[in-house]
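I put the structure here first and then work through what I looked up.

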Amino acid sequence: MLDYIIRRFVYTLITIVAVATILFILFRMLPGEPTMQVISPAMDPAVQERMKKAFGLNEPIWKQYFIYMKNLITLEWGRSFVSAQEVTSILSYRFWNTILLMAAGMCMTLVLGIGMGIIMAWRRNGAVDLIGTVVGLIFQAAPPFITGLLLLMILSYNMGFFPTGGMYAPGNRPDGLFDLLTTADFWHRLVLPTLTVGMYYISTPMLIMRDSMLEVLGSDYIELARAKGLKSRVIMIRHAARNALLGVVTIAGIMIGFAVGGQVVVESLFSWPGMGQLMVESAAQHDYPVAQGTFLMLAILVISLNFLTDVLYSYLDPRIKITAKGLS
Amino acid sequence: MSSSRTSQRFRKLRLALREHYRIINSNKLSQFGFWVIILFTLVAIFAPWIAPHDPWEMTYDSNGNFASLRPPSWEFPMGTTHLGYDLFSQLILATRTTLLIGVVSGFISIVIGANVGLIAGYYGGKIDEVLMRITDILYGMPFLPFIIVLIALFGRQLEFIILAIVLIIWRTSARVIRAQAMSIKQRQYIQMAKARGASDLRIIYRHILPNVLPLLLLYAAFNIAWSIITEASASFLGFGDGETVSWGGMLYELWLSGKTRVAWWWFASPSVCIILLVTSLVFVSRAYEEVANPRLRKR
């Protein structure tokens, strides 16, 4: 077990290094002056020359690669072309905003989705089952910018229930996480983006939960539980749902990977000051240090979440054989 | 001799078509999806002949007034934008872009995914290890951000959008097909073909490939659907090809114009098209899912 986790962890690190390498290659392939991605062309020539040295841009490419890697590890991610702020300090603020929104969305998705899945399997082929399937599939087919826009148009523009975006009222920036989480305004503003994220992802856990519930319900130990005369509610929750959850955990990693992508759209739509919005802004303004840093941060987020779900899965399913070959 | 072979091929093809017909007609939803896809395909093919206006033509109504922000009417069935562009024409021409991106990236990605999966699953060992590590690395790439970075670096052209989608999207099909190929490899007839001295390539493409075909079709449909959603999302964020109209791009223009509060029709038609097409693909693929995974059929 520990062996497995350690090996997975090493793979995780290798993946992060690989993604960073791909990023390095991509940004060096950029047409034009090779210094363009780190040094703003608007800067003073003397400063540009000094920065060239600092980033090793007059060295051969393999040496540049090592300098790049060293800078990544020592958190020297450069400065924004636009605001001249340190990329790491911008990211450390944006990171938590993304995590807050993602966590809210995922909680809603998993709780509602799993609950709906159980009910749909229980009342299989009933009205809830059919409506749940069709509505779930339609939600899944609607990209978050469509559902988000629709929610904005109805609940915000027309009815005025919710603000159109942002994490706090303009000019009312809270100091610190605690301050933020204790204002009612924040929770109010969280509703629409969370709903948007939730609607997009709900069908995955819902349909998977339903299918694995049905699979579990056909197995022998459920028959046994029935024969023992246990109440059907007890069988559903205690016996069936617990085992069916495994199926949801398996896809949770992949789902979270996609959720990071969805985050980009939702944050841009609701002007949520997270990493997704930063990604779009910096890419549109050709603010390369920020774009590069944000992409790397998002990738690290996806990769570590994948690692966590892997570990969680191996912990939840004792049957899993962890051999030298790995999970496969 | 050759003519009888041709007729045999023809019969095979007819049998295969009948099989697909049966699968698609097996339930109402996939039937609905099938006809929607056919309709969109026809619109995409004949787009320039159906569209009444140029997508970027400032239109005037029959009284000669500039037609800006008109709600749907007989003259402008889907309404117009603030610059007087006819949304009906934009929608029709955008169908072409969307379908082109979907089909091309769906097709290329399934070809890559199938080959990687089959080769990794069949050979196993080192080859499998290397290919699957590459797939793992791709799973670490956040999809939409990757596309945004690629387009920001290399330009907002259709080719780069397709390339960016293809580079990432094959990962899922490769994993699934590898698993299937690994289980088929164990079957007796493969062992027999090997004993008869069939080459590896022959075994992979003549014996294993036909058995993963339903799965391939299923993932081809998924890949097309994902490509369409991804392209629409990228376009909505302003990273689409500026030279062509697309459904996501139409919504981006709406967002940019700031007319979201008034022009509901501008929002409605591209959104309905995206949802309709993607849902149809999902409905059809679910029918194939039952073939690929017979355990589902009983439910």
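Which side chain meets B:E129 in a salt bridge? I found that it is B:R133, with N and O 2.7 Å apart, where a salt bridge is a side-chain nitrogen of Lys or Arg within 4 Å of a carboxyl oxygen of Asp or Glu.

Before going on I note the conventions: this is a predicted model, in which local features need pLDDT of at least 70 and side-chain atom pairs count only at pLDDT 80 or more, while totals for chains, interfaces and linings use all residues. Residues are numbered from 1 along each chain as its sequence is written, chains are lettered from A and ligands numbered from 1 in the order in which they are written, and side-chain values use heavy atoms, with hydrogens and water left out.

**Entry: the pair in helix α5 of chain B.** I looked up the spacing of B:E129 and B:R133, and they lie 4 residues apart in helix α5 of chain B, so about one helical turn separates them (helices are DSSP runs of H or I, at least four residues, and strands are runs of E, at least two, numbered from the N terminus). B:E129 is partly exposed at a relative accessible area of 34%, and B:R133 is also partly exposed, at 23% (buried means under 20% relative accessible area, exposed over 50%, partly exposed in between, with a 1.4 Å probe and protein chains only). Salt bridges with shared partners join A:R8, A:D310, B:E129, B:R133, B:D136 and B:R175 into one network.

**Entry: other salt bridges.** Searching the whole structure, I get 10 salt bridges over all chains. One of them pairs B:R178 with B:D128, the closest N and O atoms being 2.6 Å apart; because B:R178 lies in helix α7 (residues 158–185) of chain B and B:D128 in helix α5 (residues 125–139), this pair ties together parts that are 50 residues apart in sequence. Both B:R178 and B:D128 are buried.

**Entry: chain A against chain B.** I find 54 residues of chain A in contact with 46 residues of chain B (contact means heavy atoms within 4.5 Å). The area buried between the chains is about 4400 Å², with carbon and sulfur atoms giving 78% of it; buried area is the accessible area (1.4 Å probe) that two parts lose on being put together, summed over both. Of the area that chain A buries against chain B, A:F145, A:Y157 and A:F295 supply 12%, more than any other three residues. How many salt bridges does the rule find across this interface? The count is 1, and A:R8 forms a salt bridge with B:D136, the closest N and O atoms being 3.9 Å apart. By class, the side of chain A that touches chain B has 41 nonpolar, 9 polar and 4 charged residues (Ala, Val, Leu, Ile, Met, Phe, Trp, Tyr, Cys and Pro count as nonpolar, Asp, Glu, Lys and Arg as charged, and the others, Gly among them, as polar).
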